[in-house]
Structures are given as structure tokens and as C-alpha cells.
Amino acid sequence: MTDNQKTKTKTKTEVDIVLYSVAKGVATITMNRPKYNNAQNGRMTYELDAAFQRAVADDEVKVIVLKGNGKHFSAGHDIGTPGRDINESQDRVTLWYDHANKDGGEFLYVREAEAYLGMCRRWRDIPKPTIAAVQGACIAGGLMLAWVCDLIVATDDAFFSDPVVRMGIPGVEYFAHPFELPPRIAKEFLFLGDRMSAQRAERMGMVNRLSTRETLDADVDAIAAKIGTMPRLGLALTKQAINNIEDLRGKRTGMDAAFAWHHFAHGHNELVSGDKLGGFDAKKMAEENKNQDKT
Ligand code: ZN
């Protein structure tokens, strides 16, 4: 059995890693790998995409809620669970090509162009309002999922961080940092890699509302229900109008440049250390993250 096949077998033993339900006009999409703090493997990314497509296609759905089961919203991209499936092909959803059998820089560039930047951009432009319900950790790739949503409601113990600068990489693939935060705060966030508390994130405008573990679902439900009374087209057009302004301010073109720099860093890491992540796996990152301060 090759390493690839081993990974595949383990991945398939996990079931229901993304849950989907609809009630009262609200689709709830739930990441369900609580044992791994909802680390996103390739399979989860593609299942999330399928769930979003389902919610968009269903006329009964007015609002979409994204949440994560367990202690944490998301620990980020899967860089170390038994279900890590980076070497596997997925059923691609766009006119793009397979990364799995490619060498050198092409492997990761092709993968991340679809599964990270491409999907996140599509999810951000979903023509229905989306709300992220965030508890606990929202780290790196987890940030991307919260950021693509229109509103973020966070528990008082939630925190946000992007520690990938430690890998020599300029932030996660969906480079929204200077749009989610004032540029000087975005620099601090990235340079120090510290944990930003939900309270500070709310003051910075990155989080809409604060909640608690006990009231998160009810608070999000109430917001979703209220939005759901608005007309579908009015909501879709409003969202397009605001997203368009962000793009005119450079969000899309800025991300294109950041994605290229991100991949220069992956390539540099591989040249220097033989590893695209600069020798950091999940365990090593978790150890380093223990030194994070909370701001
Ligand atoms: Zn990357």
C-alpha cells in the first residue's frame, strides 16, 4: 500500500464531515471534524463547496449559516491529521486541472488556486447572505471561511490568528487581511501572529456581534430570521453592490498579487528546506502557537 492509498483509506473512514440542513429559510452548513478541530482537508473543502451550491440552488433558502461542531470553529487547513488528503485528486468544480500528479511549484499552485483562493472567492460572492458562527479557535484557513461570510458572530472566547508568517509565507491564500482590518492592525496581526480576541476583532470591525457559547445558535438564528424577511433580489443586489466596491478598492487584484507572493514563498521553502511549509507540520505549529499572546 502506498502512502497515498493509506491516506485515502483513512479519509474514507470519516463520515459526515460536512453537515447540511434547512429550516425556516435558513441553510446551516456545519463542519464536522470536531476531533481535529475542524481542520479542512481537501474532502471537506469540496464538500463545503457542494453544500454552498445546494443552498444557492434551493429557492427556499434565503440565508446561509456556516458553523463548526465542537470546541473550535476551525484550526485551519489540514496539515497533519490522519485524514490529510493533499495528494488526492478531487472532483473539480471549475474548468481547472488536477494537481495530484504534478511536480514542483505546479502541484500546490494548481491545488490552492482552486481549493483555496478560487473557492473562497466564489463563496464570498454567493448571491445570498452568509453568516459565520465562530467559537473558540479561528486560525489561518479558518479565517478564510469566516471572512468569506457577510457577517461574523463570535463567542466571547473566540480568537483569530494567522501564524503562517512563521512558515515564511505572507498570510493565508485568501489575502483579505487589509480589508478585514485596518492596514496597520493587519501588519501587527501578521508580524506577531498573536491571537486577536473576539472583543478586539469586534472593535476593529472584523466581527459584527459578540455572543456566548450558550447563546451563539440563538443569536445567529435571530439575525438570519430577520435578514430572511428581506426580498431575495434586494439582498443579492445589495451584496453585489458592496462586494463590487471592495473589488474597486483593490480586493481582487490585491489578492492576485498576494497569491503569487504566497506561492513564491512556498517555492522558496521547498528550495531551501525541501518542504513547502518550511518544515512546519500541525504539531510544530501548535507548539509554537502556545507562545501566542492574546490581544
Ligand atoms: Zn498555501
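Helices (H or I, at least four residues) and strands (E, at least two) are DSSP runs, numbered from the N terminus. On this basis the protein has 11 helices and nine strands. The radius of gyration, taken over C-alpha atoms with a globule rule of 2.2 Å times the number of residues to the power 0.38, is 18 Å, close to the 19 Å that the rule gives for 295 residues, so the protein is as compact as a globular protein of that length.

The structure is a predicted model, in which local features need pLDDT of at least 70 and side-chain atom pairs count only at pLDDT 80 or more, while totals for chains, interfaces and linings use all residues. Residues are numbered from 1 along each chain as its sequence is written.

Two of the helices may be considered together. The axes of H3 (residues 104–124) and H10 (residues 251–273) come within 10 Å and cross at roughly 145°; axes are lines fitted to C-alpha atoms, for helices over the stretch in contact, and angles run from 0 to 180 degrees between N-to-C directions. On the H3 side, the contact (C-beta atoms, placed from the backbone, within 7 Å) is made by Gly105, Leu108, Tyr109 and Leu117, and on the H10 side by Met255, Phe259, His263, His266 and Gly267.

Among the strands, S5, S7 and S8 form an open sheet in the order S5-S7-S8, with mixed pairing, where two strands pair if DSSP finds at least two bridges between them. Strands S5 (137–139) and S8 (196–197) stand at the edges, each with a single partner strand, so one side of each is left without a neighbour in the sheet. S7 (residues 159–161) pairs with S8 in the antiparallel sense over two bridges, and Phe160 has Met196 of S8 as its bridge partner.

Note on methods:
Contact = placed C-beta atoms within 7 Å.
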